[in-house]
Amino acid sequence: MFFEELQKGMTITLEPARIEKEEMIAFAERYDNVPLHTDEEYARTTHFGQLIAPGVMSFMSVWAKYLEKDLFGTELIAGLSTKIEWFMPVFADDELTGTAVITNMTERNAKNGLVELTIDIVNQNGQLVMRDTTETVVKRKWKEQ
């Protein structure tokens, strides 16, 4: 969708993403190798009482569901920034769902605009576990003069 076809407040509900224990550990061993993500015996001694999923892995599981929606299509030029906030741990077998909302739009020039998208991610109990705010550059409708 072109910048002009979007509007602030536009909302998309994402399909659920299940956090699989084996994938969680494999991701952690490769990208976030700390005992809280990889060592079950150690994790039981923490205040979490069990392994927690790496935050980036949890986010990317939901981000993949967002990408399936292909909101901007071929009018997406590039991502500009992202900010992820984690509020609660995510555990193996949690089911995460997200709601993506266009929270801001800024015209940049005749060719593109900046779209801010906020995704609130909740677990199967409806608890907010993380929030992502991403800025993307999206094509505008324009004709060369």
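Two strands are said to pair if DSSP finds at least two bridges between them, and the strands themselves (E, at least two residues), like the helices (H or I, at least four), are DSSP runs numbered from the N terminus. The structure examined here is a predicted model, in which local features need pLDDT of at least 70 and side-chain atom pairs count only at pLDDT 80 or more, whereas totals for chains, interfaces and linings use all residues. Residues are numbered from 1 along each chain as its sequence is written, and side-chain values use heavy atoms, with hydrogens and water left out.

Strand β4 (residues 95-107) pairs with β5 in the antiparallel sense over 10 bridges, and these strands form a hairpin with four residues between them. Within this pairing, I102 has L117 of β5 as its bridge partner. Strand β5 also pairs with β6 in the antiparallel sense, over 11 bridges, and here the bridge partner of E116 is E135 in β6. The hairpin of β5 and β6 has five residues between the strands, and in it G126 takes a positive phi near 80°. Strand β5 (residues 112-122) is mostly covered, since eight of its 11 residues are buried, where buried means under 20% relative accessible area, exposed over 50% and partly exposed in between, computed with a 1.4 Å probe on protein chains only.

Residue T134 is found in strand β6 and counts as buried because its relative accessibility is 6%. When residues up to four places away in sequence are not counted, T134 touches W63, S81, T82, V115, E116 and L117, contact being defined as heavy atoms within 4.5 Å.

A pocket is an open set of points on a 1 Å grid over the protein atoms alone, where a 1.4 Å probe fits, with protein on both sides within 12 Å along at least five of seven lines; its lining residues have an atom within 4 Å of a point. The largest pocket has a volume of about 250 Å³. Of the 17 residues that line this pocket, W63, Y66, L67, L76 and T136 are the closest to its centre.

Terms used. Grid points are joined across faces, edges and corners, and a volume is the space filled by probe spheres set on the points.
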